[in-house]
Amino acid sequence: MINTKLKGNKGITLVTLILAIVIMLIISSILIYSVSTATRTKALNGMYNDINALTNKIQIYYSKYGEIPIIKEQYTNVTNVNLINQNDNDKYYVIDLELLENIKLSYGKDYSKYKQSANAELTDIYVINEQSHNIYYIKGVQVDEITYYTIPGEYTKVDVPTVSKKIQVGKKYYATMELAIESIPNNEETSILVLEDLEEAITIPEEKIIKLELTNKTITGTIINNGTLIITGQGNINSDGITITNNGELTIESGNITTSSFIDDANAIYQVSGNLKVLSGTISNTSEDRNTDIGRGIAIRIVGGSTELLGGTISSKVGNTLRIQGENAELIIDGAMLTSGSVDSNMLATIVLIDYNEQRVTLNSGKIINNAGGYAVAVVKGTFNKTGGVIEGSVSGTIVE
């Protein structure tokens with residue numbers, strides 16, 4: 001009976017088998033094509049996502065530092081990029097991925113190799129054009145025999161103005177002094193170079209040690225120093241009020257520090273506490289608008305701390321050049337020149353005015369000169385010791401020699 005059933009089962013015909021195989025091949029080819037297309041599309045989308053991420057990060061970086069994050073050596077291997085925007089110039093730079101926070105990319109794997117050897121002809125790299133700020137992936141992504149290097153049609157212009165290098169700290173650039181100061185380590189002397197004229201109010205925190213190099217530029221605004229500030233280089237720091245308020249350690253190695261106002265609280269330097277040391281440069285009140293007989297328009301006002309004038313020129317045209325008006329303030333003049341008044345002015349101008357018994361002034365060397373017919377030194381209270389130096393002009397009060 002079993003044999004009878006087997007004889008009745010004729011099985012699958014050859015035609016059916018061939019048809020099944022053909023159908024399977026068609027389905028397989030469709031699946032393979034679909035997977036291949038999906039893979040290429042995914043790859044292209046990966047590049048698009050990379051470029052969009054880079055665009056956003058670069059905009060954020062530029063808004064903070066005023067500089068596009070690039071490796072400074074020019075990248076020249078751009079021969080494969082055939083979608084160059086007409087706004088591009090011939091300068092391309094590799095984007096410095098280490099400067100971009102939390103950036104995750106699908107491509108750009110050659111970046112670390114290029115960082116080590118900028119001359120290497122590597123292509124798995126993202127570059128940005130200096131002029132247009134368009135971003136390109138040099139290796140490109142191929143889809144259907146077309147290689148894409150950037151986002152077609154739109155390109156990828158990073159919407160920032162021409163790069164402005166206002167302030168330099170090491171190899172980095174910043175748009176504002178606030179950001180530059182924020183970036184430097186605490187309790188470690190750091191040089192900050194001023195590369196363009198600035199208009200900014202600046203505060204130096206207590207834990208910062210800054211060497212401010214003026215490099216023939218001008219800072220317009222006020223500085224409050226609560227830390228350690230060394231001013232050097234030829235250049236200017238100006239305001240129409242208190243230019244520098246010192247509560248910490250302030251050293252003037254060179255430069256011009258001026259205020260241009262005669263109002264009561266207008267000083268080139270307002271020494272509140274801490275230590276002030278002047279080695280060279282000029283400190284002056286340049287106002288010529290004297291509307292009162294009170295000794296205003298001061299170059300340096302001292303209310304506390306220790307002040308050493310070891311060099312440089314301190315002057316005021318129509319007011320006190322230097323005035324001490326705080327308890328326990330100490331002044332040593334040892335090489336500086338202090339002058340007041342202009343040669344054609346007959347108005348009162350006082351060089352040193354002392355208002356408290358606890359104040360101490362010592363003139364070891366240097367000159368105190370009055371050019372306006374007033375007192376060269378006026379001692380109201382306190383002690384003025386003269387061990388050397390020159391006083392040209394009238395003296396009011398007692399000087400101990």
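Contact here means heavy atoms within 4.5 Å. The model is predicted, so that local features need pLDDT of at least 70 and side-chain atom pairs count only at pLDDT 80 or more, whereas totals for chains, interfaces and linings use all residues. Residues are numbered from 1 along each chain as its sequence is written, and side-chain values use heavy atoms, with hydrogens and water left out.

**Figure 1. Overview of the chain.** Of the contacts between residues at least 6 apart in sequence, 55% join residues at least 24 apart. The chain comprises 4 helices and 33 strands (DSSP runs numbered from the N terminus: helices H or I, at least four residues; strands E, at least two). Buried residues account for 45% of the 401 residues (buried: under 20% relative accessible area; exposed: over 50%; partly exposed: in between; 1.4 Å probe, protein chains only).

Figure 2. Strand S7 spans residues 167-169 and contains Gln 168. With a relative accessible area of 18%, Gln 168 is buried. Its side chain reaches the backbone oxygen of Gly 170 at 2.8 Å. Beyond neighbours within four places in sequence, Gln 168 contacts Tyr 173, Ser 191, Ile 192, Leu 193 and Leu 195.

**Figure 3. Surroundings of Ser 273 in a loop.** Ser 273 is located between strand S20 (267-271) and strand S21 (275-278). Its relative accessibility of 29% makes Ser 273 partly exposed. The side chain of Ser 273 reaches the backbone oxygen of Asn 247 at 3.5 Å. Residues up to four places away in sequence aside, Ser 273 touches Asn 246, Asn 247, Gly 248, Gly 304 and Gly 305. Ser 306, 33 residues from Ser 273 in sequence, is 7.4 Å away in space, C-alpha to C-alpha.

Technical notes: Polar contact = N/O pair within 3.5 Å; in protein donor to acceptor, adjacent residues only side chain to side chain.
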